[in-house]
There are 6 protein chains.
Amino acid sequence: MTRIDERKPDQLRPVTMDIDYLIHPEGSVLITVGQTKVICTATIEERVPGFLRGQGKGWITAEYSMLPRATNSRNMRESSRGKVGGRTMEIQRLIGRALRAVVDLEKLGERTLWIDCDVIQADGGTRTASITGAFVAMTMAIGKLELAAFPVTDFLAATSVGISHEHGAILDLNYAEDSTAEVDMNLVMTGAGQFVELQGTGEEATFSRAQLNELLDLGEAGISELIAIQKEVLGTLASRIGEEVSSEL
Amino acid sequence: MTRIDERKPDQLRPVTMDIDYLIHPEGSVLITVGQTKVICTATIEERVPGFLRGQGKGWITAEYSMLPRATNSRNMRESSRGKVGGRTMEIQRLIGRALRAVVDLEKLGERTLWIDCDVIQADGGTRTASITGAFVAMTMAIGKLELAAFPVTDFLAATSVGISHEHGAILDLNYAEDSTAEVDMNLVMTGAGQFVELQGTGEEATFSRAQLNELLDLGEAGISELIAIQKEVLGTLASRIGEEVSSEL
Amino acid sequence: MTRIDERKPDQLRPVTMDIDYLIHPEGSVLITVGQTKVICTATIEERVPGFLRGQGKGWITAEYSMLPRATNSRNMRESSRGKVGGRTMEIQRLIGRALRAVVDLEKLGERTLWIDCDVIQADGGTRTASITGAFVAMTMAIGKLELAAFPVTDFLAATSVGISHEHGAILDLNYAEDSTAEVDMNLVMTGAGQFVELQGTGEEATFSRAQLNELLDLGEAGISELIAIQKEVLGTLASRIGEEVSSEL
Amino acid sequence: MTRIDERKPDQLRPVTMDIDYLIHPEGSVLITVGQTKVICTATIEERVPGFLRGQGKGWITAEYSMLPRATNSRNMRESSRGKVGGRTMEIQRLIGRALRAVVDLEKLGERTLWIDCDVIQADGGTRTASITGAFVAMTMAIGKLELAAFPVTDFLAATSVGISHEHGAILDLNYAEDSTAEVDMNLVMTGAGQFVELQGTGEEATFSRAQLNELLDLGEAGISELIAIQKEVLGTLASRIGEEVSSEL
Amino acid sequence: MTRIDERKPDQLRPVTMDIDYLIHPEGSVLITVGQTKVICTATIEERVPGFLRGQGKGWITAEYSMLPRATNSRNMRESSRGKVGGRTMEIQRLIGRALRAVVDLEKLGERTLWIDCDVIQADGGTRTASITGAFVAMTMAIGKLELAAFPVTDFLAATSVGISHEHGAILDLNYAEDSTAEVDMNLVMTGAGQFVELQGTGEEATFSRAQLNELLDLGEAGISELIAIQKEVLGTLASRIGEEVSSEL
Amino acid sequence: MTRIDERKPDQLRPVTMDIDYLIHPEGSVLITVGQTKVICTATIEERVPGFLRGQGKGWITAEYSMLPRATNSRNMRESSRGKVGGRTMEIQRLIGRALRAVVDLEKLGERTLWIDCDVIQADGGTRTASITGAFVAMTMAIGKLELAAFPVTDFLAATSVGISHEHGAILDLNYAEDSTAEVDMNLVMTGAGQFVELQGTGEEATFSRAQLNELLDLGEAGISELIAIQKEVLGTLASRIGEEVSSEL
């Protein structure tokens with residue numbers, strides 16, 4: 001039995017990454033994952049937050065937002081509310097943390113990378129699309145710096161997996177699937193197949209260790225496909241990723 | 001002598017309006033004016049603010065925002081600052097007021113149109129592009145309502161004019177021109193050539209009545225061109241604009 | 001046919017400017033325009049905002065507020081709401097911009113003028129009364145500085161004009177007139193008759209070029225009268241305004 | 001030895017109360033105590049806060065603010081800071097509580113009195129001047145209601161007393177005296193000589209019971225004088241104060 | 001090699017749960033896990049948030065806070081900052097979500113359980129101690145309701161696991177261990193050994209699937225021990241947990 | 001006739017002060033006064049606020065908060081509201097001011113003492129219990145500094161007194177008494193019997209000078225008892241309090 005959008009349980013939605021989407025940022029990409037569309041940009045600032053000053057290390061921080069009509073009904077802007085909501089904070093902390101796991105902050109030097117992920121259209125998986133796109137925007141921005149050693153140590157991509165009542169374990173949930181899934185898990189992994197972040201939640205439900213393993217298998221496969229696309233759009237820059245790891249041995 | 005982007009003083013930048021740009025909103029358009037790109041959406045809410053309740057009239061309100069990297073250097077998000085800045089407020093009040101001037105709010109009935117203008121890329125003229133695009137998104141959303149009489153009474157578009165040291169009076173300033181202009185004026189006009197809003201400012205400078213007249217001539221011509229494009233993209237909907245005005249006579 | 005307060009269409013309300021109204025500020029005036037009363041003060045601070053530091057230039061910034069019972073029904077304080085509203089921001093940005101147009105910021109030197117306009121009683125035209133009064137308070141404060149060249153380059157005053165259903169084009173609208181006018185325009189002009197700012201708005205209505213010209217004629221005449229009063233209250237200080245303009249030729 | 005402004009230790013500054021100072025509020029007074037000037041207004045709202053609804057009782061609440069240049073150096077507006085400070089909150093709570101002590105809230109009926117005290121010019125004693133003036137504005141507003149029984153049960157006024165190094169116990173401290181006093185006490189009392197509120201503070205100092213008694217004697221005498229002025233300005237309304245107290249026996 | 005506090009890698013810190021710690025709340029417990037101390041309270045409110053009204057279902061929401069000196073250096077209060085930080089929001093969302101997974105919200109009926117977790121002293125693991133304690137406070141509060149069916153479907157406890165450079169996989173990290181761990185994972189599980197939430201993060205590091213499995217083994221064992229303690233302190237209430245699950249079959 | 005909790009009018013509730021209650025702060029105490037429980041901590045920061053920098057003097061500042069369920073019904077957290085309420089501000093200003101009256105800030109040197117009073121359980125008198133406990137926490141923290149002269153000049157404690165309809169003047173009101181008292185007074189006094197702060201309020205009532213004297217007598221006696229307990233728990237540190245006062249003579 002196929003899913004509502006005709007996909008097989010282990011099938012990603014169509015993914016595109018449109019690089020240099022904007023003229024101003026040092027790195028930018030419009031990532032689309034099915035109907036989900038996110039503009040990811042990377043900005044280089046030549047200084048670090050106070051807690052890092054003078055240590056010779058860089059920093060990566062992320063912000064995430066949705067346009068009011070990215071969703072089916074209009075969301076009030078967080079600027080109008082006067083505060084950033086809990087969900088937004090969770091997501092932007094996740095994006096920053098994930099990217100920092102594949103960047104050697106000392107090689108980056110005393111500068112900050114600001115990552116902005118703005119969801120233009122949402123259909124599930126906006127946080128994982130943001131991470132996958134942000135990795136590309138970030139790598140492009142870093143590629144414009146003249147650095148002795150390339151600080152990006154590995155590829156990084158993210159996807160969601162979940163357990164649906166009808167289809168069991170499925171990969172890359174769209175909004176309709178996500179809102180009815182019993183278990184929802186976000187996975188962030190590297191090109192080497194290591195975990196960076198794994199967040200699984202029973203939605204007023206629970207899951208067993210066997211189900212967990214099934215979800216992890218699905219996710220690993222999906223992330224490999226995403227990284228293959230990243231390699232393609234990054235072109236020659238892709239070959240610099242991880243280059244310093246080997247030379248250090 | 002031509003302008004930095006090779007235009008003549010009375011020449012608009014290339015303009016496109018990409019309608020139904022997003023899947024969720026009742027009306028949406030991506031308007032580009034040169035390098036300036038704004039996503040305009042219109043949302044219909046079936047109720048009105050408290051001050052209008054029970055009067056049988058509708059309301060139109062607008063919000064405006066820029067992505068952090070819409071501009072050359074990154075702007076802090078207003079949601080992170082915890083408040084909407086003065087410039088943003090001025091612009092969103094202007095957009096709402098301008099649109100209300102060409103909509104018969106009684107024919108609209110007790111509903112609110114939420115207009116969102118999100119600047120994806122900025123190169124001058126974002127507020128006037130927002131108005132021109134918002135008119136299209138709004139008209140498309142209204143077209144989906146089943147109303148006895150069409151509430152949009154006339155076309156509406158906006159542009160900027162200004163006085164530059166080198167070129168004198170010029171039409172549709174890009175960012176480089178805008179930031180060095182001595183006088184800056186935004187014009188909002190209808191299809192019938194009436195003024196809706198006119199805001200002229202000497203930037204640490206002043207201007208004479210003769211200069212004002214020269215600016216108004218330029219602006220009127222530019223707005224006619226913009227309205228011609230609106231007519232084209234609105235297709236059959238364009239013919240409903242103002243239809244009720246005549247039948248009321 | 002005369003207006004509700006017996007005025008002719010081209011007649012200002014009675015205007016008084018009570019200088020040195022408060023003991024603490026460097027410059028202060030209580031301006032009354034009919035029943036509208038505004039306390040305008042000017043404060044000199046011996047430093048400039050960050051974006052101007054080290055450039056040898058000064059700055060002028062304005063804040064505007066209304067007492068809760070300046071109006072017929074009580075307005076909640078913006079301090080209690082926790083934020084400054086859009087209308088207030090628009091007005092304070094306008095006041096600051098207008099004053100900067102007639103001050104040579106380099107002659108002012110690296111200092112900031114804080115202009116505060118507090119509306120004690122409102123009956124229409126509070127923003128234009130604020131500008132007219134603020135010019136006087138500012139000039140008095142600058143007069144206390146020992147400067148080689150006087151930085152005020154010209155007089156500056158403001159008034160409103162509008163189109164009423166009953167009287168056509170009228171000057172200096174009171175609250176009752178303002179709230180029913182079809183078109184409302186604020187004009188800020190110099191002693192030399194140049195425009196500094198011109199903001200015309202159709203209130204859910206539009207206006208033609210001919211009507212615009214009629215409004216500008218009315219406004220110019222009204223502003224001349226206001227500047228005559230400013231000259232009188234400023235006494236000998238009035239003669240220093242613009243003195244450096246000629247010597248530079 | 002006389003005080004800096006030539007007063008004797010037990011002498012109030014000159015006091016005036018200018019009633020009906022503004023046209024819009026139900027009650028208004030400009031009170032001056034020496035160089036301290038406060039506009040006090042009273043607004044009647046025909047409903048009560050949620051916690052009182054349906055109990056047949058009224059409420060009195062107060063707000064207090066200073067113009068930025070009421071003081072010698074400019075204070076940032078609380079609306080710009082985005083929050084009301086601790087000192088302001090303390091004062092407005094005090095004003096409301098004090099007024100409620102001399103109003104029979106059941107006779108007032110289900111309505112709220114909003115008291116606004118806006119300090120135009122400050123020279124010490126702004127909170128006590130606010131209470132003394134607010135009593136007058138409130139009584140005038142209540143006088144405009146058509147009530148079976150007059151709800152104001154007694155007069156109410158306030159003053160400050162303190163201990164100075166040079167003069168010992170003194171009455172009605174101006175700013176210079178207040179900022180150097182070792183002990184500072186605010187007294188709110190009724191026409192019958194009862195205490196409503198008494199707040200004494202050693203300013204990084206302490207005081208004995210004997211000193212306390214001396215301060216209370218001074219304060220009582222000062223408050224009698226203030227109430228005499230209130231009686232005069234309230235005219236025939238003064239005779240209604242407390243009228244229902246006797247008839248209830 | 002033993003850990004800094006002499007524990008074995010798979011050893012929990014000493015745990016106590018002091019029930020009815022406060023007199024006012026419907027349920028309260030002081031949980032201590034080593035030096036970490038959290039006061040957990042449960043409040044019953046007889047209504048639900050707007051989005052649930054009229055559906056016959058209840059809701060559970062949580063708030064989390066630290067005293068300023070719960071930690072080694074003083075943290076500024078979030079009330080003084082004027083906003084709740086991202087970390088706090090993440091934790092309180094986690095606590096609420098976890099508890100909802102073991103409560104049948106329909107059996108709870110239209111009421112809200114407010115869970116408050118206030119960290120009195122912090123030494124690592126405050127979020128997991130909060131969940132473990134909150135489950136007890138919540139169950140006690142629910143025990144006071146007279147409900148036909150007991151809505152708590154299973155036990156729920158949480159702990160942390162991590163990978164340290166020196167000791168490899170370890171259970172229940174204290175602050176010193178947590179701040180140097182390469183991988184940090186929080187686990188929330190039920191009495192039946194099902195996962196409710198699993199959040200693993202490489203701290204500027206990554207982890208393999210084998211390491212993940214090792215961590216899950218450790219965590220499962222620790223959570224069993226915590227649930228044994230919960231059973232003991234809950235006494236007869238413990239026997240009602242899950243009772244309705246069986247009767248429904 | 002005895003009070004609801006069997007006390008005589010002049011009797012304090014049972015008082016305990018549990019010192020070194022927490023491991024992290026420089027000074028900490030859990031004070032209980034009947035059912036009222038407050039955690040008081042003192043933190044030493046080696047710098048002073050901007051207004052004191054470079055003057056060789058220290059500063060003491062206090063923050064006060066209640067857990068949401070310290071009271072009978074749950075209070076919304078001030079961090080969730082986004083602002084600190086008026087009552088909280090009043091109390092924390094009072095605590096700081098009172099402590100500064102018995103500390104020689106010059107002897108303290110250029111450092112700040114942060115006092116945190118967190119009410120775990122409330123049953124009336126939380127602000128006075130906070131002051132009495134804060135004095136102990138502060139003295140313990142100061143005792144850890146190596147200072148030439150001990151800066152604490154005298155003991156300091158606080159209690160409440162009031163007038164109840166049934167019992168007349170009473171000492172140390174619990175919540176039930178406090179909420180029905182006609183007059184409520186907080187007293188802060190030193191070991192030498194001097195007043196530091198005295199705040200008396202008629203709660204929609206007034207009081208005479210004779211009643212004031214009766215209240216002061218009760219309060220003085222209660223404060224002596226509290227100071228006796230402080231002496232006991234402070235042990236040898238108690239003997240250093242005021243030591244420098246005599247040597248200076």
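## Who touches whom

Contact, in this report, means heavy atoms within 4.5 Å. By that rule, chain C and chain E do not touch: no contact joins them, and their closest C-alpha atoms lie 11 Å apart.

A quick word on ground rules. This is a predicted model, where local features need pLDDT of at least 70 and side-chain atom pairs count only at pLDDT 80 or more, while totals for chains, interfaces and linings use all residues. Residues are numbered from 1 along each chain as its sequence is written, chains are lettered from A and ligands numbered from 1 in the order in which they are written, and side-chain values use heavy atoms, with hydrogens and water left out.

## What the record says about chain A

An unreviewed UniProt entry lists "domain: Exoribonuclease phosphorolytic" for residues 11–141 and 155–221 of chain A. UniProt positions are given in the numbering used here, feature names are shortened, and annotations may be inferred rather than shown by experiment.

Residues 11–141 of chain A are 30% helix and 31% strand, and the end C-alpha atoms lie 31 Å apart. For residues 155–221 of chain A, the figures are 25% helix and 43% strand, with the end C-alpha atoms 15 Å apart. Helices (H or I, at least four residues) and strands (E, at least two) are DSSP runs, numbered from the N terminus.

The size of an interface is often given as the accessible area lost when the parts come together. Chain A and chain B bury about 2,900 Å² between them, 50% of it on carbon and sulfur atoms (buried area is the accessible area, 1.4 Å probe, that two parts lose on being put together, summed over both). On each side, 35 residues take part in the contact.

The rule finds 12 salt bridges across this interface, a salt bridge being a side-chain nitrogen of Lys or Arg within 4 Å of a carboxyl oxygen of Asp or Glu. One salt bridge joins the side chains of A:R74 and B:E63 (3.1 Å, N to O). On the chain A side, β3 (36–45), β4 (59–66), α1 (78–81) and β5 (112–121) each supply at least two residues. The largest share, 6 residues, comes from β5(A).

B:R3 is found in the segment before β1 (15–19) of chain B. Why does B:R3 count as buried? Because its relative accessibility is 2%, and buried means under 20% relative accessible area (exposed is over 50%, partly exposed in between; 1.4 Å probe, protein chains only). The side chain of B:R3 has a polar atom 2.9 Å from the backbone oxygen of B:K8, and also reaches the backbone oxygen of B:P9 at 3.2 Å.

E:R7 sits in the segment before β1 (15–19) of chain E and is buried, with a relative accessible area of 4%. Its side chain reaches the backbone oxygen of E:Q11 at 2.8 Å, and a polar atom of that side chain lies 3.4 Å from the backbone oxygen of E:L171.

## A buried isoleucine

F:I91 belongs to helix α2 (residues 86–100) of chain F and counts as buried at 0% relative accessibility. Leaving aside neighbours within four places in sequence, F:I91 is in contact with F:Y64 and F:R127. F:I91 and F:S65 are 26 residues apart in sequence, yet 9.4 Å apart in space, C-alpha to C-alpha.

How values were computed: Polar contact = N/O pair within 3.5 Å; in protein donor to acceptor, adjacent residues only side chain to side chain.
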